[in-house]
Amino acid sequence: MRGLRVVPSGRPGRGRLYVNLPDGRAVAWYDRRANRISVLADDQRDAVVRALRPFLTGAVSIGPPPVPTAAELRSLELPPDADLAPNRPGENLRGELDHGTAGTRARHRLRRDLAAQQRSGDAFDALEARGWRILHCVPLPGLGLIDHLLIGPAGIFCVRTVPARGQRAAVGDLLIAVGRADPRPDPHWARRAAARAEQVLTSRAAADGAEPPRRSRAGGARSGSAPTVRVTGALAVDDASRVEVAPTVRDLRVLQPRTAAPDLGSLPTTLEPPAVEALFALARDTRTWLQVLSGVPEKPRPARDV
């Protein structure tokens with residue numbers, strides 16, 4: 001068939017490729033994660049394969065669209081302006097650089113923070129090949145933005161990026177010291193943000209009447225226990241010469257971009273793939289995070305300056 005166009009959707013290199021007619025109607029799509037082509041009309045199969053051939057890798061399965069799961073149906077109903085999945089690492093900092101203050105020192109700090117978030121984000125995005133789902137710049141009322149939200153086999157991690165600029169970083173229960181600069185309250189923020197994110201996701205799942213996330217036996221979920229979505233606070237310490245973590249820090253995960261994949265891959269599995277997809281469908285919806293939480297005081301986000 002002539003005139004078929006291949007149109008990307010979602011995050012570059014990771015989203016679907018749609019095959020559209022000249023009038024914009026989709027006749028098929030290629031799911032890169034599943035390596036599968038879903039064809040809406042069997043008589044167009046050969047034309048669709050020819051159009052997608054430059055983008056295919058390995059053995060590709062072809063057939064009619066699979067029956068959508070509840071998480072996929074939720075994603076299909078999501079308005080484009082409410083979808084957080086396309087967000088790039090440091091999306092908010094890009095806007096500040098383009099339209100914010102013209103001060104030289106402030107812009108230098110923004111560029112440094114943006115570079116750190118990009119390196120951390122790139123390392124986390126690479127986890128998608130291992131069954132993880134990643135979101136960047138997730139709004140959290142009263143606490144600003146979650147730099148990165150990781151949802152995968154080892155659970156959910158609410159990550160705050162800390163640029164170290166080649167200096168030593170010492171992580172304590174409430175503060176992190178980078179070089180000789182004044183200590184920052186990032187550990188305390190990550191802990192509070194994780195607790196808030198846990199409450200948001202749990203309450204939204206309950207409001208939607210969703211089944212509680214099914215955990216593997218390694219997760220240790222108790223039969224008959226209340227359906228709670230567990231979220232762990234984490235720090236991504238970027239470009240540190242050395243990272244020292246106090247022995248009393250046990251409820252936070254300290255990551256470094258270059259070792260994030262093996263560190264998270266070594267953790268026990270607590271979430272099965274259907275639970276990962278269901279939680280990702282909830283978390284990618286901006287409306288999930290912008291709901292008002294009663295009984296949770298909102299405090300200003302601590303400064304990011306080092």
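This is a short talk on a few pairings and contacts in the structure shown above.

Hello everyone. What you see is a predicted model, where local features need pLDDT of at least 70, side-chain atom pairs count only at pLDDT 80 or more, and totals for chains, interfaces and linings use all residues. Residues are numbered from 1 along each chain as its sequence is written, and side-chain values use heavy atoms, with hydrogens and water left out.

Let me begin near the start of the chain. When I say helix or strand, I mean DSSP runs numbered from the N terminus: helices are H or I with at least four residues, strands are E with at least two. Two strands pair if DSSP finds at least two bridges between them. Strand β1, residues 5-8, is joined to β2 by four bridges, and the two run antiparallel. One of the contacts to look for is V6, whose bridge partner in β2 is V19. Then β2 pairs with β3, again antiparallel, over four bridges, and here L17 stands opposite Y30 in β3. The hairpin of β2 and β3 has five residues between the strands, and in it G24 takes a positive phi near 95°.

Now for the rings. How many aromatic pairs does the structure hold? It holds two. Rings of Phe, Tyr and Trp (its six-membered ring) pair if their centres lie within 6.5 Å; planes under 30 degrees apart count as stacked, over 60 as edge-to-face and the rest as tilted. Y18 and W29 make a tilted pair, 6.1 Å centre to centre with 50° between the planes. Because Y18 lies in strand β2 (residues 17-20) and W29 in strand β3 (residues 26-31), this pair ties together parts that are 11 residues apart in sequence. 

Are these two residues buried or exposed? Buried means under 20% relative accessible area, exposed means over 50%, and partly exposed is in between, using a 1.4 Å probe and protein chains only. Y18, at 23% relative accessibility, counts as partly exposed, while W29, at 15%, counts as buried.

The other pair is W132 with F157, also tilted, at 6.1 Å centre to centre and 35° between the planes. W132 lies in the loop between α4 (104-125) and β6 (133-140), and F157 in strand β8 (residues 155-163), so the pair ties together parts that are 25 residues apart in sequence. Both W132 and F157 are buried.

Let's stay with β8. It is mostly covered: nine of its nine residues are buried. Strand β7, residues 144-152, is joined to β8 by five bridges, running antiparallel. These two form a hairpin with two residues between them, and the bridge partner of I151 in β8 is I156. β8 is also joined to strand β11 (residues 231-238), by eight bridges, and that pairing is parallel. There, R160 has L235 in β11 as its bridge partner. A handy thing to remember while you look at strands: in a regular strand the side chains alternate between the two faces of the sheet.

R160 leads us to charges and rings. A charge sits over a ring if NZ of Lys or CZ of Arg is within 6 Å of the ring centre and within 35 degrees of the ring normal. The charged end of R160 sits over the ring of W189, 4.5 Å from its centre. Likewise, the charged end of R133 sits over the ring of F280, 4.2 Å from the centre.

Next, an open sheet. Three strands form it, in the order β10-β9-β12, with mixed pairing. Which strands are at the edges? They are β10 (176-178) and β12 (242-245), each pairing on one side only. Strand β9, residues 168-171, is joined to β10 by three bridges and they run antiparallel; A169 stands opposite V178 in β10.

R180 is exposed, with a relative accessible area of 86%. R180 and R168 are 12 residues apart in sequence and 9.0 Å apart in space, C-alpha to C-alpha.

Last, two helices. The axes of helix α3 (residues 91-99) and α4 come within 9 Å and cross at roughly 155°. Axes are lines fitted to C-alpha atoms, for helices over the stretch in contact, and angles run from 0 to 180 degrees between N-to-C directions. Angles under 35 degrees count as roughly parallel, over 145 as roughly antiparallel, 65 to 115 as roughly perpendicular and the rest as oblique. α3 and α4 are therefore roughly antiparallel to each other.
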